[in-house]
Amino acid sequence: IRENQLDQAMQYMEDICDGLDKIPVKKYCENEALNLILSSYLDKASEQHIETTVSVTATDFSRFQIPDLCSLLANALENAIHACEGMSTSNPRYIRLKIYEKNRQLCINMANSYSKEPLFENDIPISQRAGHGIGVQSMISVIEKYHGIYGFFASAGEFRFQATL
């Protein structure tokens, strides 16, 4: 949207909405919108035989605009799913997500397996595939909006994303 690619953004939102209508919603927390996003992406991961572990102990989302948190989680999970899809099913394919509160801050820790070494530029993962790379920038935008901090790390076949908002 920031780059005035409105048609692409609208198509992306329509695809998400179409997919969400077909997903049974699992309760991870008290927020229905977050449950919907988590259910949708974790169902996609399950369909791809990706093991998922999710823990949401955070309860206070009141200082955030929920669409921001949904965008942040959707982009992070989509990237993790893509990384796992690129792996052979004979290798462990997993996504581990933990959302909790510490010192009145919302903390997000996510780890996923990968086989293709990610590329980084200025400590930010970048994509060389056409039409990709917008998700990470969207994640950073949300985190910076709430004056948060973030980090992306990769080593020994595990990619980690951490954020505190």
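Colleague: What makes you say that the span of α2 is close to the expected one?

Modeller: The expected span of a helix is 1.5 Å times one less than its number of residues. α2 has 16 residues and reaches 22 Å from first C-alpha to last, close to the 22 Å expected. By the way, this is a predicted model, where local features need pLDDT of at least 70 and side-chain atom pairs pLDDT 80 or more, while totals for chains, interfaces and linings use all residues. Numbering starts from 1 along each chain as its sequence is written, and side-chain values use heavy atoms, with hydrogens and water left out.

Colleague: Why does Ser39 count as buried?

Modeller: Buried means under 20% relative accessible area (exposed is over 50%, partly exposed in between; 1.4 Å probe, protein chains only). Ser39 comes in at 4%, so buried it is. Ser39 sits in α2, residues 32-47, a helix by the DSSP rule (a run of H or I, at least four residues, numbered from the N terminus; strands are runs of E, at least two). Other buried residues of α2 include Leu38, Ser40 and Tyr41.

Colleague: What does the side chain of Ser39 have a polar atom 2.7 Å from?

Modeller: The backbone nitrogen of Lys26. A polar contact is a pair of N or O atoms within 3.5 Å, one able to donate a hydrogen and the other to accept it; residues adjacent in sequence count only if both atoms are side-chain atoms. At 2.7 Å, the Lys26 and Ser39 pair meets that distance cut-off. At the start of α2, a side-chain oxygen of Asn31 likewise comes within 3.1 Å of the backbone nitrogen of Ala33.

Colleague: And what comes just after α2?

Modeller: His49, with a positive phi of about 60°.

Colleague: On to the sheet: why are β1 and β6 said to stand at the edges?

Modeller: The open sheet has 5 strands in the order β1-β2-β3-β7-β6, with mixed pairing. β1 (51-56) and β6 (149-155) each have a single partner strand, so one side of each lacks a neighbour in the sheet.

Colleague: How do you know that β6 and β7 pair?

Modeller: Two strands pair if DSSP finds at least two bridges between them. β6 and β7 (residues 158-164) have 7, in the antiparallel sense, so they pass that test. Gly151, for instance, stands opposite Gln162 in β7.

Colleague: Which strands does α3 touch?

Modeller: With contact meaning heavy atoms within 4.5 Å, helix α3 (residues 66-85) touches β2 (94-102), β3 (105-113) and β7.

Conventions:
Axes fitted to C-alpha atoms, helices over the stretch in contact; angles between N-to-C directions.
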